[in-house]
2 protein chains.
Amino acid sequence: MTTITATPIPGLPEVRPGDDLAGLLLSAAPDLRDGDVLCLAHKVVSKAEGRVVDLRDIEPGDTARELAASHGKDPRHLEVVLSEAAAIVRERPGVLICRTRHGFVCANAGVDASNAGADDRVVLLPLDPDASARALRRALRARAGVAPAVVVTDSFGRAWRRGQCETAIGVAGLTLVDDWHGRADADGRSLRATAIAIADEAAAAADLARAKDSREPAVVLRGLERHVSADDGPGAVALVRPAAEDLFI
Amino acid sequence: MTTITATPIPGLPEVRPGDDLAGLLLSAAPDLRDGDVLCLAHKVVSKAEGRVVDLRDIEPGDTARELAASHGKDPRHLEVVLSEAAAIVRERPGVLICRTRHGFVCANAGVDASNAGADDRVVLLPLDPDASARALRRALRARAGVAPAVVVTDSFGRAWRRGQCETAIGVAGLTLVDDWHGRADADGRSLRATAIAIADEAAAAADLARAKDSREPAVVLRGLERHVSADDGPGAVALVRPAAEDLFI
């Protein structure tokens, strides 16, 4: 029997472009250790990486202006969304479901104005959230000799269900899917189609520990040691269902 | 700052039709208390409620036989799936995504052969998982004077992403969606579209604490007291996105 704990890292300052995220995290959480899973809301990663756009610098094109008119949104915001989207999956007034360049399907291609830090700024997803997770893990290992798994997360809506669940968009060192295909269940029978999305469930568990209105972008999960590996693994892009298998594009 | 813990309830026996689930749970977890969230894999609820079908009693019809031929599956199993499905949402060889009578979208309308307890038996979803959750909560309150929130869960696949996440299909006494619409974020700005699917994130967190091959269908979450109410609330059916708003049916 394992107890899992999810504990926010308190006292992180507001993160700005160029900030040393590994240093900030190690100062705020000196007890980080191997086997931990460090979950980070992507916004702190995006901000540290400078993935923030000032809308006053954006000149919307015709498509963004047309979409803005039908969606009742800021055309500059939509210009940024279009620049981040590989494809628009569904569109209707007020809702723009996009596939990002990484392959993730989410509203507005992950471009978000909340918690951006100023009224005219929007935060984008990291260019390569898996690379962000790996770089942060490498920095923690180099500076403090600890290599927790790192999961970069965002809150995504879902088909068919209301509300958003926190979801893994960048992963280093954590099992993505625990595949029980062919293994036996408690009755000794074959489990035919159980493939547990560990990284996404970890993102969700971390989110429960966090209040959206507080500055707690980082949460440490303990008790998942069996899913943490020294190897970084293929990253969250491997969670994207290939188009040929996807019935809902 | 809140730490969330997820701890499996150890030592639950195999559950059979007619078993007293509240009694079994109270014996195995005498320290259950108000403010806890008790998450239960639906199979123990379904078994206690007799929602188990012996395939030897099933005579498949023509549609089930045709589907079985194209899917390479047992026609009796597909007959049960069809009887549980309100609609087939997507179909292709080996994959049958259904809308259940409750409104949930999942593979095989939730009919599952793993952990069923015998080779020819399949387990169905509870007839009304919200009623199951409310009844269990009522029994716990009556017998032991404690009213933890109760969440009945199943592992559902997702559009666009690989793997399955544990999902709330029956809820009593837990926030379904924590809606921050109109509330201010840490910068004092309005958060426009953040509605956190607390019950689903709780189901996911509970699943992380459980090994699929062990008899740990019940997991207790602590630290979510702010989301637990004396009132049972509208239940997980309220999480189903109405057809008029659903872009992926």
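Helix 6 (residues 198-208) of chain A packs against helix 6 (residues 198-208) of chain B at an angle of about 120°, and their axes lie 8 Å apart. Helices here are DSSP runs of H or I with at least four residues, strands are runs of E with at least two, and both are numbered from the N terminus. Two packed helices are described by the angle between their axes and the distance between the axes. The axes are lines fitted to C-alpha atoms, for helices over the stretch in contact, and angles run from 0 to 180 degrees between N-to-C directions. Helix 6 of chain A and helix 6 of chain B are therefore oblique to each other; angles under 35 degrees count as roughly parallel, over 145 as roughly antiparallel, 65 to 115 as roughly perpendicular and the rest as oblique. The crossing of helix 6 of chain A with helix 6 of chain B is left-handed, a term used if the near helix is turned anticlockwise from the far one by less than a right angle, with right-handed used if clockwise.

The model is predicted, and local features need pLDDT of at least 70, side-chain atom pairs count only at pLDDT 80 or more, and totals for chains, interfaces and linings use all residues. Residues are numbered from 1 along each chain as its sequence is written, chains are lettered from A and ligands numbered from 1 in the order in which they are written, and side-chain values use heavy atoms, with hydrogens and water left out.

Which residues of helix 6 of chain A and helix 6 of chain B make the contact? Helix 6 of chain A contributes A:I198, A:E201, A:A202, A:A204, A:A205, A:D207 and A:L208, and helix 6 of chain B contributes B:I198, B:E201, B:A202, B:A204, B:A205, B:D207 and B:L208. Contact means heavy atoms within 4.5 Å. By class, the residues of this contact between helix 6 of chain A and helix 6 of chain B comprise 10 nonpolar, no polar and four charged. Ala, Val, Leu, Ile, Met, Phe, Trp, Tyr, Cys and Pro count as nonpolar, Asp, Glu, Lys and Arg as charged, and the others, Gly among them, as polar.

The relation between the two chains comes next. Chain A is superposed on chain B by a rotation of 180° with 0.0 Å of shift along its axis (RMSD 0.0 Å). That is the relation of a two-fold axis. The same surface serves both copies, as 99% of the contact residues of chain A recur in chain B. The superposition is by least squares on the C-alpha atoms of residues with pLDDT of at least 70 in both copies.

Within chain B, three strands in the order 4-5-6 form an open sheet with antiparallel pairing. Strand 4 (85-92) and strand 6 (105-107) of chain B stand at the edges with a single partner strand each, so one side of each is left without a neighbour in the sheet. On average, neighbouring strands of this sheet are turned by 30° against each other, direction ignored. Strands pair if DSSP finds at least two bridges between them; strand 4 and strand 5 (residues 95-100) of chain B run antiparallel and are joined by six bridges. Along this pairing, B:R90 stands opposite B:I97 in strand 5 of chain B. Strand 4 and strand 5 of chain B form a hairpin with two residues between them, and B:G94 in the turn has a positive phi of about 85°.

Two helices of chain B meet this sheet. Helix 4 (residues 75-84) of chain B lies across strand 4 and strand 5 of chain B and runs at about 125° to strand 4 of chain B. Helix 3 and helix 4 of chain B pack at an angle of about 120°, with their axes 8 Å apart. That makes helix 3 of chain B oblique to helix 4 of chain B. Helix 3 of chain B passes helix 4 of chain B in a right-handed crossing.

Chain A also has an open sheet of three strands, in the order 4-5-6 and with antiparallel pairing. In chain A, A:I88 stands opposite A:C98 in strand 5, and A:E91 stands opposite A:L96 in strand 5.
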